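Hi there,

Here is the structure I promised to pass on to you. Have a look at it first, and then read my notes below.

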Amino acid sequence: MDTALRYLCLGGIRSTGISGAMGIAEYGVELLREAGLALKLKDEFKKVKLPTIGEAALRPHQNAEMIAQNAAYAEIVCHCERVSRGELMDAMKASIPATSVDALRRRTRASQGRCQGFNCHAALTKMTTTEHTKTTAISFEKDSVRSVPSVVKDVLIVGGGPAGLSAAIELKKQGIKNILVVEREPEAGGMPRFCHHTGFGREDLWRMWSGPKYAKYYRDLAEKMDVDVQTSTTITGWASAKKLAFTSRGGIGEIEADAVLLATGVRERPRSARLIPGTRPQGVLTTGSLQRFVYQEQLPVGKRAVIVGAELVSLSALMTLMHAGMKCEMMVTEEARHQIEFPYIVMKWALADILTRTPIVSKTRVSNIFGHKRVEGVELTHASGQVETVECDTVIFTGSWIPEHELARAGGLELNPQTKGPRIDAEFRSSVNGVFVAGNLLRGVETADHCAVEGKRAAASIANYLKGK
């Protein structure tokens with residue numbers, strides 16, 4: 001910066017210039033202002049909103065012709081970046097094929113979105129295995145793909161987890177018949193499908209069931225009540241206030257409804273959002289991705305793990321590690337103690353204290369992760385300032401939840417700055433007329449049965465809204 005000449009030179013910016021351009025520009029303006037340059041916004045200045053890289057051009061999942069030729073282009077694997085199975089297979093069948101998760105990430109941006117692989121990491125790993133590559137390259141048979149035309153419904157429910165299915169069932173009981181539940185996964189039921197431990201149903205069913213049994217109960221009840229549930233269908237955006245665009249293996253279209261219930265759930269913050277430094281080896285997972293590795297894709301994970309967090313979901317991660325035959329070295333939390341409360345404290349005594357003898361290290365944070373291709377260890381920094389290294393090949397980040405609010409934000413719903421979920425009133429009504437919200441989209445995380453109860457209450461509010469129109 002030459003103050004006398006009021007000249008600023010910015011150089012040495014390589015590939016990071018794209019992501020750092022806005023911050024660099026702000027700093028440059030600050031330096032120029034300090035040099036005495038009077039800066040004034042142009043009168044004719046027009047704000048420009050650039051699309052993300054993944055939305056800059058027509059994507060395969062938005063292309064009806066491509067989907068008609070191969071329905072795999074509508075099967076979204078990475079929901080953050082909207083990367084379809086067809087695009088992934090194209091990358092794997094290219095003249096220089098992508099043969100690893102990292103290669104697929106660079107070619108297609110899969111797992112580079114906001115969740116950093118919470119939903120797709122296991123599926124991408126499965127696709128890159130030699131055995132699976134041979135079968136995944138097969139396109140869907142056209143006769144097996146049911147066309148889903150654009151429709152008009154009384155109620156559209158986005159999300160087929162406990163909150164969404166419970167709401168749909170209650171709406172049927174309230175006499176609302178024209179209901180559609182849209183679920184982006186191949187099967188409805190939400191994350192309980194991958195939680196193979198007891199503890200589900202206490203608040204809504206007065207039962208203590210395993211996650212898969214709990215999810216199946218709501219799927220079966222929805223089918224019995226003749227609820228229309230469309231799986232493998234992804235909502236891609238808002239065409240208007242109550243009309244949403246979708247893509248599915250049957251094609252693309254729009255769904256218009258008198259009322260919309262958003263029940264898109266929650267995810268855990270990945271390592272990048274927690275600002276944990278270190279290398280980027282394989283073996284860094286969240287609870288959700290761990291469960292998908294073990295229960296959904298039946299893939300090996302590792303041998304020795306460190307769990308970051310000491311709350312209820314951390315116990316779920318511990319039970320998943322037990323099922324996978326892995327040893328948990330410790331559970332690490334920055335809090336003064338664990339956050340597992342009654343009645344689940346009994347599970348902590350049984351699982352962590354007795355069965356696995358897993359120590360809970362409090363007032364400690366993970367300050368670095370080591371490893372080249374695979375995790376080799378973590379650095380722990382204690383509140384006292386002491387630093388130690390723990391050898392492991394897997395790190396599981398648990399908790400630190402954030403709502404899956406991207407669709408809500410795109411629809412203009414006002415967000416609660418504390419919870420990061422949509423702001424609602426006592427009747428589950430959002431700031432947009434006719435759009436309701438329920439379940440863990442509202443705030444960090446609650447148990448699945450609590451979300452089901454919320455879905456039921458939201459359904460009663462929706463029924464009153466429709467009857468009052």
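Ala448 belongs to helix α13, residues 448-467. Helices (H or I, at least four residues) and strands (E, at least two) are DSSP runs, numbered from the N terminus. Not counting residues up to four places away in sequence, Ala448 touches Pro162, Pro192, Phe200 and Tyr214, where contact means heavy atoms within 4.5 Å. Gly199 is 249 residues from Ala448 in sequence, yet the two are 9.5 Å apart in space, C-alpha to C-alpha.

Before the rest, some ground rules. This is a predicted model, in which local features need pLDDT of at least 70 and side-chain atom pairs count only at pLDDT 80 or more, while totals for chains, interfaces and linings use all residues. Residues are numbered from 1 along each chain as its sequence is written, and side-chain values use heavy atoms, with hydrogens and water left out.

**The chain as a whole**

The chain has 13 helices and 19 strands. Its radius of gyration is 24 Å, close to the 23 Å that the globule rule gives for 469 residues, so the chain is as compact as a globular protein of that length. That radius is taken over C-alpha atoms, and the rule is 2.2 Å times the number of residues to the power 0.38. The C-alpha trace spans about 75 × 65 × 50 Å along its principal axes. Of the 469 residues, 51% count as buried. Among contacts with a separation of 6 or more, 63% come from residues 24 or more positions apart.

**The parallel sheet**

Which strands make up the open sheet? There are 5 of them, in the order β10-β17-β11-β12-β13, and the pairing is parallel (two strands pair if DSSP finds at least two bridges between them). β10 (284-286) and β13 are the edge strands, each pairing on one side only. Strand β11 (residues 304-308) has 4 of its 5 residues buried, so it is largely enclosed by the rest of the structure. β11 pairs with β12 (residues 327-332) over 5 bridges, in the parallel sense, and the bridge partner of Ala305 is Cys328 in β12. β12 is also joined to β13 by 2 bridges, again parallel; here Met331 stands opposite Ile360 in β13.

**Backbone points to check in your viewer**

Most residues other than glycine have a negative phi, and most peptide bonds are trans. Here are some exceptions.

- Phe342 and Pro343 are joined by a cis peptide bond, with omega about 5°. Pro343 is found in the loop between β12 and α11 (345-355).
- Asp226 has a positive phi of about 60° although it is not a glycine. Asp226 lies in the loop between α8 (211-224) and β5 (228-230), and is exposed, with a relative accessible area of 58%.
- Lys363 has a phi near 50°, positive in a residue other than glycine. Lys363 sits in the loop between β13 (360-361) and β14 (364-371), and is partly exposed at 47% relative accessible area.

Happy to talk any of this through.

Best wishes

Key: Buried < 20%, exposed > 50% of the residue type's maximum accessible area, 1.4 Å probe, protein only.
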